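Please go through the structure below with this briefing at hand. The points are grouped by topic.

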Amino acid sequence: MSDLTIQLTDHPKAKPADESKLKFGDLFTDHMLMMDYDEGQGWHDARIVPYGPLALDPAAMCLHYGQEVFEGMKAYRAEDGRILLFRPEQNFARLNLSNDRLCIPPVDEDKMVEYLKEFLRVEKDWVPHSKDTSLYLRPFIIAIDPHLGVHSGKHYYFIVIASPVGAYYPEGLNPVSIYVETKYVRSVRGGTGFTKTAGNYSASLKAQSEAEEKHYTQVLWLDGVERRYIEEVGTMNVFFKIDGEIITPSLDGSILGGITRKSAIELMHSWGLKVTERRISIDELAEAYDAGKLEEAFGTGTAAVISPIGFLDWGDTKKMEIGGGKIGPVSQRLYDELTAIQWGRTKDPFGWSVEV
Ligand code: COI
């Protein structure tokens, strides 16, 4: 028996009337999952409560020093009505990795999966039915101590909110255009780049908004030291198909270890493709492009799923139109097979799907 308490809302909201109009992350369900941490007591009081504003002391540490971590995951509705999670244990393992780096006490990963399932049973009618829609889940932890000294907190909230979503990019599965960022950096080895913490994303906003002004979808980050090696796109890991081989930047501390990235690598291995995780420089990519060997580029992420990259602009140095600006066969197959597993349309040979 779970120790989770449940308080249902008296004011359920209307569900989206037209799921085809769902965007990303601007609509929230009726409830949230919460849990408290107090030093000496550990994590306690797990509860499902009506969704609503938090009362935070204006001195709460998360508001000043960004002691925060988060995750992104999705619940999918299968045609037979089952609700499925995709590798949720991986998300909570990564949350604990982020926790460790941000000096936040770890959560019990198995218990979190169980709580999440209970939360989803309460919110089951919010998991949308239409093709390519899902319920995005955002677990996060914030330090709430009212304290302005720079130390780690002794009191935290763990919260999960949920949002019915469509595609992250307005382009959907159409190729996105990406700007290679040369002025700003996102992260360096030894920093927090491998974690999901707010600071990584706030540090990316300036570059993102400048790129949007130039009509790019997102930026491709280069390493923060030599400014040559490809790292990741703001919300995705990246892959390139060069002369038949799939190459993706290795995880060396400054890049997020995406669960979709890991799953894409495992899928491509199962097809017999050669996938190499290594450093790859923007110069090497441009040379491969000039030699006609850059066959495909795509990004992977929970929110973005598989997103083909059709255009990659490296300032005025090089403008690359990849695969004729169209989705390539590897990206298409990855999208088809991954989403078939996520939405339960096919047998899951990997044991990734977890029924709620
Ligand atoms: C996700 O893919 O879940 C992410 O965390 C990206 C997000 C920042 C939109």
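**Domain contact and cores**

In this predicted model, 22 residues of domain 1 are in contact with 13 residues of domain 2, contact meaning that the C-beta atoms of two residues, placed from the backbone, lie within 7 Å. Local features need pLDDT of at least 70 and side-chain atom pairs count only at pLDDT 80 or more, while totals for chains, interfaces and linings use all residues. Residues are numbered from 1 along each chain as its sequence is written.

**Domains**

- Domain 1 covers 5–167 and domain 2 covers 176–343; these bounds come from an automatic or database domain assignment.
- The centres of domain 1 and domain 2, taken over C-alpha atoms, are separated by 27 Å.
- On the side of domain 1 that touches domain 2, at least two residues each come from strand E4 (68–70), strand E5 (73–77), strand E6 (83–86) and helix H2 (88–101). Helices (H or I, at least four residues) and strands (E, at least two) are DSSP runs, numbered from the N terminus.
- H2 gives the most to this side, with 6 residues.
- This side of domain 1 is made up of 11 nonpolar, 5 polar and 6 charged residues. Ala, Val, Leu, Ile, Met, Phe, Trp, Tyr, Cys and Pro count as nonpolar, Asp, Glu, Lys and Arg as charged, and the others, Gly among them, as polar.

**Nonpolar cores**

- The largest nonpolar core has 45 residues, and Ala 75, Leu 137 and Tyr 156 have the most contacts inside it. Such a core is a set of buried Ala, Val, Leu, Ile, Met, Phe, Trp, Tyr and Cys residues joined through C-beta atoms within 7 Å.
- Elements giving two or more residues to this core include strand E3 (42–50), helix H3 (109–122) and strand E7 (134–143). The largest share, 7 residues, comes from E7.
- A second, separate core of 44 residues includes Val 238, Leu 285, Ile 309 and Leu 334.

- Cys 62 lies in helix H1 (residues 61–65).
- Cys 62 is partly exposed because 19 other C-beta atoms lie within 10 Å; a residue is buried at 20 or more, exposed at 12 or fewer, and partly exposed in between, with C-beta atoms placed from the backbone.
- Beyond four places in sequence, Cys 62 is in contact with Gln 67, Glu 68, Ile 142, Ala 143 and Ile 144.
- Leaving out residues up to four places away in sequence, Tyr 156 touches Tyr 37, Ile 104, Ile 141, Ile 142, Ala 143 and Ile 144.
- Cys 62 and Tyr 156 are 94 residues apart in sequence and 9.2 Å apart in space, C-alpha to C-alpha.
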